[in-house]
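Keep the sequence and the 3D view open while reading.

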Amino acid sequence: MKILQEILDEKLTLSFEVFPPKNDSTFEEVLQATEEIAALKPSFISVTYGAGGKGGRYTMEIARRLQNTDGVETLAHLTCVGAGREDVRAYLRAMKDAGIHNIMALRGDLPEGMTLETMTNSPYPHASDLIREIRASGDFCIGAACYPEVHPESAVQAEDLKWLKEKVEAGADFLTTQMFFDNNLLYNFLYKLRETGVTVPVVPGIMPITRANQVKRAQQLSGSFMPRRFTSLVDKFGYSPDAMKQAGILYACDQIIDLFANGIRHVHVYTMNKPDVAEAILNHLSGMLGRAF
Ligand code: FAD
């Protein structure tokens, strides 16, 4: 099934994200965490691409198992930075053979030493180029990334929105946002995006921060604004793993409740291979999600 249908569903729903093994985890550990998250039956699970320099091998394998063994709809991420045309086409054929119908099409961060100038010699310098390739390769449901606080390479939001519109015109069926910690930034972004004429669904991405040392990393990755309400929570509870985990989960739940209350029906949660965090969020929101746990 295409996950666009899940996103457009009238019900309030959540999806979760997992990532392939990095240096501090084995494939078996990631599979175990993924299966536990799958057992919670989110509306879909996305599998990120490229972590640990192992390319797409693990992404494909985790997505294949989720889709075919665990019976959970899967969104497999794919990045195009530095990728050759034949490799991408072979990967897309393999995705089709593996029964994966949903792809999150991304450029990926520029590796050290690569510049935007050298990227122009690449067959896919931008995510929109990859989206066109995927659209031409089969009947995939395609997601693309968007940035309520503007992508760090864009000088101004108008420029970012122009290229975002191009991604939708190239064939993106829906957009998922970068993490944000202040919902007003999302609402302002949505007004501006809709003004450009883009009508595809936008899925807010929420990151539960459950450890104080995640804060710096999250900020480096996303450049997201952290409101005082959030940083004071980290100041107060960051010293205690239990207190910080609880506070971080409840902050994420509070954001999700506000999104639901303001008309958003589907939220993607960056659960980072943590089944306990995914389960706690489902438990806190079970009444709204119409699920008994
Ligand atoms: P693009 O859409 O190509 O945009 C990158 C920059 O170029 C933007 O500033 C944009 O405005 C500009 N731009 C776009 N098109 C053009 C054009 N035609 N001409 C000039 N400028 C243009 N990274 C991973 O490695 N693996 C993952 O699995 C992964 N998953 C992600 C999921 C989400 C929801 C998000 C938000 C990000 C994810 N990322 C992932 C990070 C992402 O790869 C980086 O943010 C990357 O820097 C940009 O990718 P993009 O697809 O948004 O690129």
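## The ligand shell

Helix 7 gives the largest share of the shell around the ligand, with four residues. The model is a predicted one. In total, 24 residues surround the ligand. The closest are Asp109, Tyr147, Ser154, Asp160 and Lys167. By class, the shell holds eight nonpolar, 10 polar and six charged residues.

A polar side-chain atom of Tyr147 sits 2.7 Å from a ligand oxygen. In the side chain of Trp163, an N or O atom is 3.3 Å from a ligand nitrogen. For Glu166, a polar side-chain atom lies 3.5 Å from a nitrogen atom of the ligand. On its own, the ligand has 980 Å² of accessible area, and the protein covers 85% of that. Strand 3 (74-79), strand 4 (102-106), helix 7 (157-170) and strand 6 (174-177) are the elements that give two or more residues to the shell.

## Thr176 in strand 6

Thr176 is part of strand 6. Is Thr176 buried or exposed? Its relative accessibility is 8%, so Thr176 counts as buried; the cut-off for buried is under 20%.

Leaving out residues up to four places away in sequence, Thr176 touches Met104, Ala144, Ala145, Cys146, Val203, His268 and Tyr270. Strand 4 spans residues 102-106, and strand 5 spans 141-146.

## Aromatic pairs

The structure holds four aromatic pairs. In one of them, the ring centres of Phe27 and Tyr58 are 4.8 Å apart and the planes meet at 25°, so this pair is stacked. Phe27 belongs to helix 2 (residues 27-38) and Tyr58 to helix 3 (residues 57-68), so the pair ties together parts that are 31 residues apart in sequence. Phe27 is buried at 15% relative accessibility. Tyr58 is buried too, at 15%.

Phe181, Phe230 and Tyr251 form one aromatic cluster.

Pro227 sits in the loop between helix 9 (214-222) and helix 10 (228-237). Which residues does Pro227 touch, not counting those up to four places away in sequence? They are Phe181, Asp182 and Tyr251. Phe181 and Tyr251 belong to the aromatic cluster.

Pro227 has a relative accessible area of 11%, so Pro227 is buried.

## Loops with positive phi

Most residues other than glycine have a negative phi. Two residues here go against that pattern.

Lys41 is not a glycine, yet its phi is positive at about 55°. Lys41 lies in the loop between helix 2 and strand 2 (45-47). Its relative accessible area is 47%, so Lys41 is partly exposed. Val150 also has a positive phi, about 80°, and is not a glycine. Val150 is in the loop between strand 5 (141-146) and helix 7. With a relative accessible area of 23%, Val150 is partly exposed.

## Asp70 and its contacts

Lys41 returns here as a partner of Asp70. Asp70 is in the loop between helix 3 and strand 3. Setting aside neighbours within four places in sequence, Asp70 is in contact with Glu35, Ala38, Lys41 and Arg65.

Asp70 and Thr210 are 140 residues apart along the chain. Their C-alpha atoms are separated by 27 Å.

Where is Asn273 placed? It is in the loop between strand 9 (266-269) and helix 12 (275-284). Asn273 is buried, because its relative accessibility is 15%.

The side chain of Asn273 reaches the backbone nitrogen of Phe19 at 2.8 Å. Beyond residues up to four places away in sequence, Asn273 touches Glu17, Val18, Phe19, Val30, Ala33 and Ile37.

Key: Residues are numbered from 1 along each chain as its sequence is written. This is a predicted model: local features need pLDDT of at least 70, side-chain atom pairs count only at pLDDT 80 or more; totals for chains, interfaces and linings use all residues. Side-chain values use heavy atoms; hydrogens and water are left out. A residue is near a molecule or strand if one of its heavy atoms lies within 4 Å of it. A polar contact is a pair of N or O atoms within 3.5 Å; within protein, one must be able to donate a hydrogen and the other to accept it, and residues adjacent in sequence count only if both atoms are side-chain atoms. Accessible areas come from the Shrake-Rupley method with a 1.4 Å probe; for residues, only the protein chains shown count as cover. Ala, Val, Leu, Ile, Met, Phe, Trp, Tyr, Cys and Pro count as nonpolar, Asp, Glu, Lys and Arg as charged, and the others, Gly among them, as polar. Buried means under 20% relative accessible area, exposed over 50%, partly exposed in between (1.4 Å probe, protein chains only). Contact means heavy atoms within 4.5 Å. Rings of Phe, Tyr and Trp (its six-membered ring) pair if their centres lie within 6.5 Å; planes under 30 degrees apart count as stacked, over 60 as edge-to-face and the rest as tilted.
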